[in-house]
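Please walk through the fold of this protein with the sequence and model in view.

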Amino acid sequence: MKVAIIGAGNMGGAIARGLVAAGALKEEKIAVSNHSRGKLDKLNDEYPDIYTTTSNTEVINDANLIILAVKPWHIKQVIEEIAPYVDFSYQMLMSIAAGVTLADMASWVSEYSHAPILFRAIPNTAILVGESMTFMSAAGASDEDITDVTRLFGSLGRADVIDENLMVAATALCSCGIAYVMRYIRAATEGAVELGFKPSKARDYIMQTMLGAVTLLANTGNNPEVEIDRVTTPGGLTIKGLNAMEKAGFTTSVIEGLKASV
Ligand SMILES: NC(=O)c1ccc[n+]([C@@H]2O[C@H](COP(=O)([O-])OP(=O)(O)OC[C@H]3O[C@@H](n4cnc5c(N)ncnc54)[C@H](OP(=O)(O)O)[C@@H]3O)[C@@H](O)[C@H]2O)c1
(Lines give C-alpha, C1' and ligand atoms only; values in the text may rest on other atoms or scores of the structure.)
Protein backbone atom coordinates (compact mmCIF):
# COMPACT_ATOMS: atom_id res chain seq x y z
CA MET A 1 0.00 0.00 0.00
CA LYS A 2 1.19 3.52 -0.74
CA VAL A 3 0.06 6.24 1.63
CA ALA A 4 -0.16 9.97 0.99
CA ILE A 5 -0.56 12.29 3.96
CA ILE A 6 -1.74 15.86 3.49
CA GLY A 7 -0.67 17.98 6.47
CA ALA A 8 2.65 17.37 8.23
CA GLY A 9 1.61 18.71 11.64
CA ASN A 10 1.25 16.84 14.94
CA MET A 11 -0.95 14.05 13.63
CA GLY A 12 0.21 13.82 10.00
CA GLY A 13 3.85 13.88 11.07
CA ALA A 14 3.21 11.29 13.80
CA ILE A 15 1.43 8.95 11.37
CA ALA A 16 4.30 9.17 8.86
CA ARG A 17 6.98 8.63 11.53
CA GLY A 18 4.93 5.90 13.22
CA LEU A 19 4.38 3.92 10.02
CA VAL A 20 8.11 3.86 9.30
CA ALA A 21 9.05 3.10 12.92
CA ALA A 22 6.53 0.24 13.08
CA GLY A 23 7.90 -1.20 9.84
CA ALA A 24 4.37 -1.10 8.41
CA LEU A 25 5.52 0.84 5.36
CA LYS A 26 8.93 1.60 3.93
CA GLU A 27 9.83 5.29 3.72
CA GLU A 28 9.50 5.34 -0.05
CA LYS A 29 5.86 4.21 0.22
CA ILE A 30 4.94 7.34 2.16
CA ALA A 31 4.45 10.75 0.62
CA VAL A 32 3.66 13.84 2.67
CA SER A 33 2.55 17.29 1.64
CA ASN A 34 2.29 20.51 3.60
CA HIS A 35 1.65 23.97 2.27
CA SER A 36 4.88 25.27 3.79
CA ARG A 37 8.27 23.44 3.71
CA GLY A 38 9.50 23.73 7.33
CA LYS A 39 7.87 20.60 8.76
CA LEU A 40 8.61 18.63 5.59
CA ASP A 41 12.33 19.45 5.85
CA LYS A 42 12.33 18.32 9.49
CA LEU A 43 10.65 15.05 8.45
CA ASN A 44 13.22 14.53 5.68
CA ASP A 45 16.09 15.17 8.13
CA GLU A 46 14.87 12.09 9.99
CA TYR A 47 13.62 10.05 7.03
CA PRO A 48 15.28 11.15 3.77
CA ASP A 49 13.33 8.64 1.65
CA ILE A 50 9.88 9.91 2.58
CA TYR A 51 8.70 11.81 -0.45
CA THR A 52 7.71 15.36 0.50
CA THR A 53 6.16 18.15 -1.51
CA THR A 54 4.24 21.36 -1.03
CA SER A 55 1.79 20.23 -3.72
CA ASN A 56 -1.35 18.44 -2.50
CA THR A 57 -2.25 17.38 -6.03
CA GLU A 58 1.19 15.85 -6.60
CA VAL A 59 1.43 13.98 -3.30
CA ILE A 60 -1.60 11.82 -4.08
CA ASN A 61 -0.03 10.27 -7.22
CA ASP A 62 -0.48 6.46 -7.09
CA ALA A 63 -1.46 6.53 -3.40
CA ASN A 64 -3.91 3.84 -2.33
CA LEU A 65 -4.79 5.76 0.82
CA ILE A 66 -4.91 9.56 1.04
CA ILE A 67 -4.95 10.77 4.65
CA LEU A 68 -6.19 14.31 5.24
CA ALA A 69 -4.43 15.51 8.39
CA VAL A 70 -5.24 19.22 8.28
CA LYS A 71 -7.41 21.15 10.71
CA PRO A 72 -11.17 20.47 10.38
CA TRP A 73 -11.85 23.89 8.81
CA HIS A 74 -9.30 23.17 6.02
CA ILE A 75 -10.64 19.74 5.01
CA LYS A 76 -13.30 20.94 2.54
CA GLN A 77 -10.85 23.20 0.73
CA VAL A 78 -8.23 20.42 0.47
CA ILE A 79 -10.78 17.87 -0.74
CA GLU A 80 -12.04 20.26 -3.39
CA GLU A 81 -8.43 20.92 -4.45
CA ILE A 82 -7.46 17.25 -4.88
CA ALA A 83 -10.81 15.69 -5.97
CA PRO A 84 -10.31 16.33 -9.73
CA TYR A 85 -7.02 14.37 -9.56
CA VAL A 86 -8.20 11.42 -7.45
CA ASP A 87 -8.90 8.10 -9.17
CA PHE A 88 -11.91 7.13 -7.07
CA SER A 89 -11.94 3.60 -8.50
CA TYR A 90 -9.10 2.62 -6.14
CA GLN A 91 -7.85 5.64 -4.17
CA MET A 92 -9.27 5.74 -0.64
CA LEU A 93 -9.82 9.07 1.08
CA MET A 94 -9.49 9.33 4.85
CA SER A 95 -10.14 12.34 7.06
CA ILE A 96 -8.82 12.35 10.62
CA ALA A 97 -10.44 15.71 11.37
CA ALA A 98 -12.70 15.93 14.38
CA GLY A 99 -16.30 16.63 13.38
CA VAL A 100 -15.95 16.01 9.63
CA THR A 101 -18.45 13.29 8.70
CA LEU A 102 -18.46 10.70 5.92
CA ALA A 103 -21.52 12.49 4.50
CA ASP A 104 -19.59 15.79 4.45
CA MET A 105 -16.77 14.12 2.54
CA ALA A 106 -19.16 12.42 0.12
CA SER A 107 -20.87 15.71 -0.65
CA TRP A 108 -17.55 17.47 -1.29
CA VAL A 109 -16.46 14.85 -3.86
CA SER A 110 -19.89 14.23 -5.41
CA GLU A 111 -19.02 16.14 -8.56
CA TYR A 112 -16.29 13.56 -9.27
CA SER A 113 -17.60 10.32 -7.78
CA HIS A 114 -20.88 8.88 -6.56
CA ALA A 115 -19.15 5.85 -5.05
CA PRO A 116 -16.01 7.09 -3.32
CA ILE A 117 -14.16 4.92 -0.80
CA LEU A 118 -14.19 7.02 2.36
CA PHE A 119 -12.80 6.60 5.84
CA ARG A 120 -13.21 8.77 8.90
CA ALA A 121 -10.64 8.07 11.58
CA ILE A 122 -9.85 9.46 15.01
CA PRO A 123 -6.45 8.53 16.39
CA ASN A 124 -5.08 9.99 19.61
CA THR A 125 -1.75 11.68 20.26
CA ALA A 126 -0.20 8.39 21.48
CA ILE A 127 0.10 7.58 17.78
CA LEU A 128 3.48 9.31 18.14
CA VAL A 129 4.69 6.36 20.23
CA GLY A 130 2.78 3.63 18.40
CA GLU A 131 0.11 3.32 21.10
CA SER A 132 -2.88 5.13 19.61
CA MET A 133 -6.43 4.01 20.15
CA THR A 134 -7.74 4.74 16.67
CA PHE A 135 -11.41 4.56 15.75
CA MET A 136 -12.54 4.28 12.15
CA SER A 137 -15.80 4.36 10.19
CA ALA A 138 -16.06 3.71 6.49
CA ALA A 139 -18.39 4.25 3.53
CA GLY A 140 -18.11 2.57 0.14
CA ALA A 141 -15.19 0.42 1.33
CA SER A 142 -14.92 -3.31 0.66
CA ASP A 143 -14.13 -5.75 3.48
CA GLU A 144 -10.62 -5.98 2.05
CA ASP A 145 -10.19 -2.18 2.12
CA ILE A 146 -11.33 -2.12 5.74
CA THR A 147 -8.98 -4.97 6.67
CA ASP A 148 -6.02 -3.26 4.97
CA VAL A 149 -6.65 0.12 6.60
CA THR A 150 -7.35 -1.42 10.02
CA ARG A 151 -4.09 -3.39 9.78
CA LEU A 152 -2.19 -0.22 8.85
CA PHE A 153 -3.52 1.74 11.82
CA GLY A 154 -3.22 -1.34 14.02
CA SER A 155 0.54 -1.02 13.54
CA LEU A 156 0.28 2.35 15.30
CA GLY A 157 -1.44 0.99 18.39
CA ARG A 158 -4.93 -0.44 18.29
CA ALA A 159 -7.55 0.26 15.63
CA ASP A 160 -11.25 -0.54 15.75
CA VAL A 161 -14.07 0.02 13.26
CA ILE A 162 -17.13 1.55 14.91
CA ASP A 163 -20.50 2.91 13.90
CA GLU A 164 -20.08 6.52 12.80
CA ASN A 165 -22.74 7.66 15.27
CA LEU A 166 -20.34 6.66 18.08
CA MET A 167 -17.46 8.70 16.68
CA VAL A 168 -18.04 11.77 18.86
CA ALA A 169 -18.28 9.62 21.99
CA ALA A 170 -15.15 7.71 20.94
CA THR A 171 -13.32 11.01 20.53
CA ALA A 172 -14.30 12.04 24.08
CA LEU A 173 -13.26 8.68 25.50
CA CYS A 174 -9.91 8.22 23.82
CA SER A 175 -8.71 11.47 22.21
CA CYS A 176 -9.82 13.82 25.00
CA GLY A 177 -9.23 10.77 27.20
CA ILE A 178 -5.47 11.18 26.89
CA ALA A 179 -5.83 14.52 28.70
CA TYR A 180 -8.05 12.98 31.37
CA VAL A 181 -5.51 10.27 32.11
CA MET A 182 -2.76 12.92 32.24
CA ARG A 183 -4.85 14.89 34.72
CA TYR A 184 -5.04 11.81 36.99
CA ILE A 185 -1.26 11.50 36.80
CA ARG A 186 -0.88 15.17 37.66
CA ALA A 187 -3.32 14.91 40.57
CA ALA A 188 -1.61 11.80 41.94
CA THR A 189 1.76 13.54 41.61
CA GLU A 190 0.51 16.49 43.64
CA GLY A 191 -0.78 14.10 46.29
CA ALA A 192 2.51 12.22 46.32
CA VAL A 193 4.48 15.43 46.84
CA GLU A 194 2.29 16.22 49.84
CA LEU A 195 3.14 12.73 51.11
CA GLY A 196 6.87 13.52 50.83
CA PHE A 197 8.03 12.35 47.37
CA LYS A 198 9.98 14.45 44.88
CA PRO A 199 7.70 15.23 41.86
CA SER A 200 9.91 13.54 39.26
CA LYS A 201 10.17 10.34 41.30
CA ALA A 202 6.46 10.45 42.11
CA ARG A 203 5.57 10.66 38.41
CA ASP A 204 7.73 7.61 37.62
CA TYR A 205 6.15 5.61 40.44
CA ILE A 206 2.62 6.58 39.34
CA MET A 207 3.33 5.75 35.69
CA GLN A 208 4.65 2.31 36.67
CA THR A 209 1.58 1.75 38.85
CA MET A 210 -0.69 2.70 35.94
CA LEU A 211 1.24 0.43 33.60
CA GLY A 212 0.90 -2.38 36.14
CA ALA A 213 -2.85 -1.79 36.50
CA VAL A 214 -3.39 -1.74 32.73
CA THR A 215 -1.23 -4.83 32.23
CA LEU A 216 -3.14 -6.68 34.96
CA LEU A 217 -6.43 -5.99 33.18
CA ALA A 218 -4.99 -6.76 29.75
CA ASN A 219 -3.41 -10.05 30.84
CA THR A 220 -6.19 -11.34 33.09
CA GLY A 221 -9.23 -9.93 31.28
CA ASN A 222 -10.57 -9.15 34.74
CA ASN A 223 -13.14 -6.50 35.52
CA PRO A 224 -11.46 -3.58 37.38
CA GLU A 225 -13.60 -4.38 40.46
CA VAL A 226 -11.89 -7.79 40.75
CA GLU A 227 -8.48 -6.12 40.92
CA ILE A 228 -9.82 -3.50 43.35
CA ASP A 229 -11.14 -6.25 45.64
CA ARG A 230 -7.69 -7.84 45.70
CA VAL A 231 -6.16 -4.74 47.33
CA THR A 232 -9.11 -3.77 49.48
CA THR A 233 -8.91 -5.41 52.91
CA PRO A 234 -12.05 -4.83 54.98
CA GLY A 235 -11.32 -1.99 57.39
CA GLY A 236 -8.01 -1.38 55.58
CA LEU A 237 -6.36 1.69 54.08
CA THR A 238 -7.34 1.23 50.41
CA ILE A 239 -11.08 1.28 51.11
CA LYS A 240 -10.61 4.41 53.20
CA GLY A 241 -8.77 6.03 50.30
CA LEU A 242 -11.36 4.92 47.74
CA ASN A 243 -14.23 6.15 49.88
CA ALA A 244 -12.51 9.52 50.41
CA MET A 245 -12.05 9.82 46.63
CA GLU A 246 -15.70 8.98 46.01
CA LYS A 247 -16.78 11.47 48.67
CA ALA A 248 -14.84 14.08 46.68
CA GLY A 249 -16.74 12.98 43.55
CA PHE A 250 -14.18 10.89 41.65
CA THR A 251 -16.52 8.64 39.61
CA THR A 252 -19.05 11.41 39.07
CA SER A 253 -16.29 13.78 37.90
CA VAL A 254 -15.03 11.28 35.32
CA ILE A 255 -18.53 10.56 33.98
CA GLU A 256 -19.48 14.24 33.90
CA GLY A 257 -16.20 15.12 32.17
CA LEU A 258 -16.80 12.52 29.45
CA LYS A 259 -20.38 13.65 28.95
CA ALA A 260 -19.30 17.30 28.76
CA SER A 261 -16.79 16.57 26.00
CA VAL A 262 -19.30 15.27 23.44
N1 LIG B 1 -4.37 16.43 18.16
C2 LIG B 1 -5.21 15.42 18.44
O3 LIG B 1 -5.33 14.89 19.54
C4 LIG B 1 -6.06 14.89 17.33
C5 LIG B 1 -6.65 13.64 17.49
C6 LIG B 1 -7.39 13.14 16.44
C7 LIG B 1 -7.57 13.89 15.30
N8 LIG B 1 -7.02 15.12 15.18
C9 LIG B 1 -7.24 15.88 13.95
O10 LIG B 1 -6.04 15.89 13.21
C11 LIG B 1 -6.05 17.02 12.35
C12 LIG B 1 -4.71 17.66 12.38
O13 LIG B 1 -4.46 18.11 13.71
P14 LIG B 1 -2.98 18.49 14.14
O15 LIG B 1 -3.01 18.60 15.61
O16 LIG B 1 -2.00 17.58 13.49
O17 LIG B 1 -2.87 19.96 13.46
P18 LIG B 1 -1.55 20.74 13.02
O19 LIG B 1 -0.40 20.34 13.87
O20 LIG B 1 -1.91 22.18 12.91
O21 LIG B 1 -1.25 20.17 11.56
C22 LIG B 1 -1.96 20.57 10.40
C23 LIG B 1 -0.94 20.71 9.30
O24 LIG B 1 -1.62 20.96 8.07
C25 LIG B 1 -0.92 21.97 7.37
N26 LIG B 1 -1.83 22.58 6.44
C27 LIG B 1 -2.80 23.51 6.67
N28 LIG B 1 -3.48 23.79 5.55
C29 LIG B 1 -2.94 23.02 4.57
C30 LIG B 1 -3.21 22.85 3.19
N31 LIG B 1 -4.18 23.53 2.57
N32 LIG B 1 -2.45 21.98 2.51
C33 LIG B 1 -1.47 21.28 3.10
N34 LIG B 1 -1.15 21.39 4.40
C35 LIG B 1 -1.88 22.26 5.14
C36 LIG B 1 -0.39 22.89 8.44
O37 LIG B 1 0.71 23.62 7.97
P38 LIG B 1 1.16 25.00 8.69
O39 LIG B 1 1.36 24.71 10.13
O40 LIG B 1 2.39 25.34 7.97
O41 LIG B 1 0.02 25.95 8.47
C42 LIG B 1 0.03 21.90 9.52
O43 LIG B 1 1.34 21.44 9.35
C44 LIG B 1 -7.19 17.93 12.83
O45 LIG B 1 -8.23 17.93 11.88
C46 LIG B 1 -7.62 17.33 14.13
O47 LIG B 1 -9.03 17.46 14.33
C48 LIG B 1 -6.24 15.62 16.15
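In this predicted model, strand S6 (residues 117–122) and strand S7 (residues 132–139) form an antiparallel pair joined by five bridges.

The chain gets from S5 to S6 by way of H5, in a right-handed β-α-β crossover.

S5 also runs parallel to S4, again through four bridges, and Leu-65 stands opposite Met-92 in S5. The link from S4 to S5 passes through helix H4 (residues 72–82), and this β-α-β crossover is right-handed. Is S5 covered on one face or on both? Both faces are covered: Met-92 and Met-94 are buried on one side, and Leu-93 and Ser-95 are buried on the other.

The whole sheet is open and has eight strands, in the order S3-S2-S1-S4-S5-S6-S7-S8, with mixed pairing. Strand S3 (51–53) and strand S8 (157–161) are the edges, each pairing on one side only. Neighbouring strands are turned by 20 degrees against each other on average, direction ignored. Helix H1 (residues 10–21) also packs on this sheet, touching strand S1 (3–6), strand S2 (30–33) and strand S4 (65–68). Its direction makes about 165 degrees with that of S2.

Conventions
Residues numbered from 1 in each chain as written. Predicted model: local features only at pLDDT ≥ 70, side-chain atom pairs only at ≥ 80, totals over all residues. Heavy atoms only, no water. Pairing = 2+ DSSP bridges. Helix = DSSP H or I, 4+ residues; strand = E, 2+ residues; numbered from the N terminus. Axes fitted to C-alpha atoms, helices over the stretch in contact; angles between N-to-C directions. Contact = heavy atoms within 4.5 Å. Buried < 20%, exposed > 50% of the residue type's maximum accessible area, 1.4 Å probe, protein only. Right-handed = clockwise from strand over helix to strand, strands pointing away.
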